[in-house]
Amino acid sequence: MKQQTPLTITGGQLVLPDGMQSGGIRLVDGLIEQLGDVDAQSGDTVVDARGQLIAPGLVDFGVFAVDKPAFHFGGITRAAVMPDQSPPLDYPSRVKLVAQSGKPDFWVHPLAAATKGLAGQELSEIGLMKAAGARGVATGRSWIADSGTMLRLLQYAAMLDLVVVSHAEDAGLSGSAAATAGDMATRLGLPSAPAEAEALAVARDITLAEMAGARLHLRQVTTQASIDLVRGAKARGVSVTAGVTPAHFMLSDLATAEFRTFAKFSPPLRSEEDRQAVIAAIADGTIDVIASGHDPRGPEDKRLPFSDADPGMAGAETLLAMTLNLVRDGVIDLPRLIRLLAGNPAALLGVNAGALAVGQEADICLIDPDKPWIVDSAQMAATAGNTPFDRQPAQGRATAVFKGGVQVGL
Amino acid sequence: MTSTQSSPAHAGLVREYPAGSLAYPHRDLLGIGQMERHEILFLLDEAEQWVDLNRQKTKHSDALAGLTIINAFFEASTRTLLSFEIAGKRLGADVVNMHAATSSVKKGETLIDTAITLNAMRADAIVIRHGSSGAVELIADKVDCPVLNAGDGQHEHPTQALLDALALRHALRERGHSADDFTGLTVTICGDILHSRVARSNILCLTALGATVRLCAPPALMPAQVDAMGAQPFSDFDAALEGADVVMMLRLQTERMEGQFIPSAREYHHLFGLTKERLARAAPDALVMHPGPMNRGVEIDSEVADMIGRSIITRQVEMGVAIRMSALDVLTRKTRQVEGWA
């Protein structure tokens with residue numbers, strides 16, 4: 001729906017890229033027209049944002065399902081969807097369909113499958129999929145084992161100026177592992193893989209991206225060793241970015257006790273030391289993106305023995321609240337929170353959103369950063385309630401969301 | 001009601017336990033990891049009466065008469081299934097075996113559905129073996145009766161650890177040693193530790209009873225951070241054997257002998273097989289154990305497996321029946337409204 005009347009939001013705290021500012025924002029014709037000391041003009045719809053943050057709508061980078069109610073609940077106005085769909089996004093017409101699937105009140109940016117069928121062997125029609133709306137290319141849930149294929153992919157994507165989103169886990173080591181090797185996996189008797197499986201893959205992908213001059217985004221870096229590799233590569237000027245989901249900065253493998261399948265992830269939860277390393281990497285800027293990895297899974301996928309259960313969590317609704325924990329703990333400030341959740345992912349996708357600036361798309365999220373609530377898997381807006389944070393108190397949530405200047409239902 | 005109870009243990013070993021069901025305050029027997037030391041000892045002491053009964057000509061009790069026990073085995077088993085079946089029958093229960101080959105039972109809801117189905121048949125206890133770690137707990141959550149874990153994936157096999165402890169206790173007692181617990185005893189467990197639920201349950205049980213546990217395996221078959229469980233890892237079998245009081249050998253699955261984890265069975269025997277010569281490194285008169293079935297000539301030589309006075313492998317099998325009788329008796333006391341347990 002096109003914005004019909006101008007909208008003025010007043011009296012809030014603007015979360016700008018470089019700091020906080022009291023004021024408001026005026027949205028006209030789906031774009032941000034004015035920021036700061038804003039007065040409503042006659043005929044404007046006026047929203048009072050007293051006591052709330054005015055932030056750009058969140059851009060969720062790398063989700064597995066388009067689950068609009070859950071995204072709106074979480075203050076998310078755009079999502080980059082992974083190619084791991086059924087069938088995979090390895091064909092231009094499928095990409096085109098997905099690119100339009102959320103409009104008008106939610107925008108989906110497809111990530112094209114790097115290889116046909118996500119099998120990791122033959123390159124898919126990346127150029128045609130870009131023309132159909134793909135905003136990046138992804139290896140999917142698994143890595144590309146063949147280094148030659150990965151290099152050719154990176155070179156091809158560099159030519160098309162598309163970011164390559166990699167799942168960095170050496171499959172030779174990780175195999176069918178369900179957990180990270182360590183005390184917990186040993187006690188539970190779970191098939192496990194050493195955490196180094198990630199660092200090996202990160203090292204290879206960085207090396208190949210450097211050779212190809214490609215933009216590489218590691219969707220999840222979760223260990224000290226792989227974070228060190230990313231930090232080093234960035235210092236050398238390699239075009240590499242890294243992401244993580246709240247699971248890996250909120251939880252360690254202790255959460256898998258009693259075979260809790262809601263705490264099964266890919267990559268699996270790590271040691272407490274690695275969790276601390278992730279937090280440090282968010283603090284020092286090594287990690288650029290925090291995303292939900294939204295992957296709603298019903299009981300048929302989760303109410304199984306741990307090894308047989310599918311990984312993943314329905315994360316869209318808890319993304320903001322969990323990341324706000326980092327602000328309360330003094331790890332990051334609010335402008336940085338918004339860069340992690342909106343600005344940086346929007347830049348990776350090359351879309352005109354994710355920051356409050358005149359001329360940007362009027363995707364706005366009002367946030368009450370202190371509002372207390374309880375995560376309840378039975379009451380979630382997502383299509384399934386698989387959250388490891390069930391019954392936990394959370395603080396902070398979106399109170400209103402505007403897509404292109406039009407308010408969407410929460 | 002008294003505040004304590006004593007178990008019918010052998011003379012000189014009568015221990016006092018908390019009253020009634022406080023001696024074993026769990027509905028299920030899922031793993032040694034969930035048990036306190038005194039609960040382990042309680043199940044061992046309770047088994048003594050069944051050891052005695054099993055050595056009589058008439059091996060029968062009516063303790064569980066009228067109760068139905070279902071042995072639901074989702075993974076192939078001969079001896080454990082047989083042992084549980086004999087245990088249930090000697091206690092007078094009606095025992096039914098459900099042998100669901102893993103291939104025919106689909107994963108997923110089917111497992112939960114199977115549990116619900118078994119529950120609807122009003123079993124009084126369900127014994128479950130399943131190939132996935134945690135599967136027995138998953139089923140236990142869905143049923144109303146006591147559940148006994150007869151082995152879940154690579155996680156736990158609690159009755160095996162208990163029967164091993166009972167066999168060890170009897171062997172030590174016959175030698176005139178104190179067998180109240182295993183303080184001061186060094187036990188070396190050698191074999192495929194990584195894939196072994198027997199090893200995990202035994203580490204927990206033996207350390208809870210005071211023993212020092214050494215583990216020996218090639219690196220590819222040793223799980224990470226076993227020291228956090230209280231065991232000492234070795235890859236040199238000779239070093240692991242040095243002065244050990246008990247040597248417990250584990251079965252090496254045939255499919256793991258062919259290049260994936262170790263180059264060959266004969267090379268495994270060369271490095272990790274228990275021979276008479278190797279056994280000499282252990283303490284004089286060291287006991288030899290094996291949960292069976294054995295690969296003779298691979299992890300253990302016949303002359304060691306059959307060594308009279310040293311090998312207690314057949315006694316382990318004998319104690320298995322008594323331990324399972326003990327567990328079935330204790331877990332059904334609430335149903336049977338035994339005083340202090342109802």
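How closely do the axes of helix α7 and helix α8 of chain A come, and at what angle do they cross? In this predicted model, local features need pLDDT of at least 70 and side-chain atom pairs count only at pLDDT 80 or more, while totals for chains, interfaces and linings use all residues. Residues are numbered from 1 along each chain as its sequence is written, with chains lettered from A in the order in which they are written.

The axes of α7(A) (residues 196–212) and α8(A) (residues 224–236) come within 8 Å and cross at roughly 20 degrees; axes are lines fitted to C-alpha atoms over the stretch in contact, with angles running from 0 to 180 degrees between N-to-C directions. The crossing angle therefore makes α7(A) roughly parallel to α8(A) (angles under 35 degrees). Helices here are DSSP runs (H or I, at least four residues), and strands are runs of E of at least two, numbered from the N terminus. On the α7(A) side, the contact (C-beta atoms, placed from the backbone, within 7 Å) includes A:V202 and A:I206, and α8(A) contributes A:L229 and A:V230, among others. By class, the contact holds eight nonpolar, one polar and two charged residues (Ala, Val, Leu, Ile, Met, Phe, Trp, Tyr, Cys and Pro count as nonpolar, Asp, Glu, Lys and Arg as charged, and the others, Gly among them, as polar).

Turning to the two chains, their contact takes 22 residues from chain B and 19 from chain A. On the chain B side, α3 (109–120), α4 (135–140) and α6 (197–208) each supply at least two residues, and α4(B) gives the largest share, three residues. That side has eight nonpolar, nine polar and five charged residues.

Technical notes:
Angles under 35 degrees count as roughly parallel, over 145 as roughly antiparallel, 65 to 115 as roughly perpendicular and the rest as oblique.
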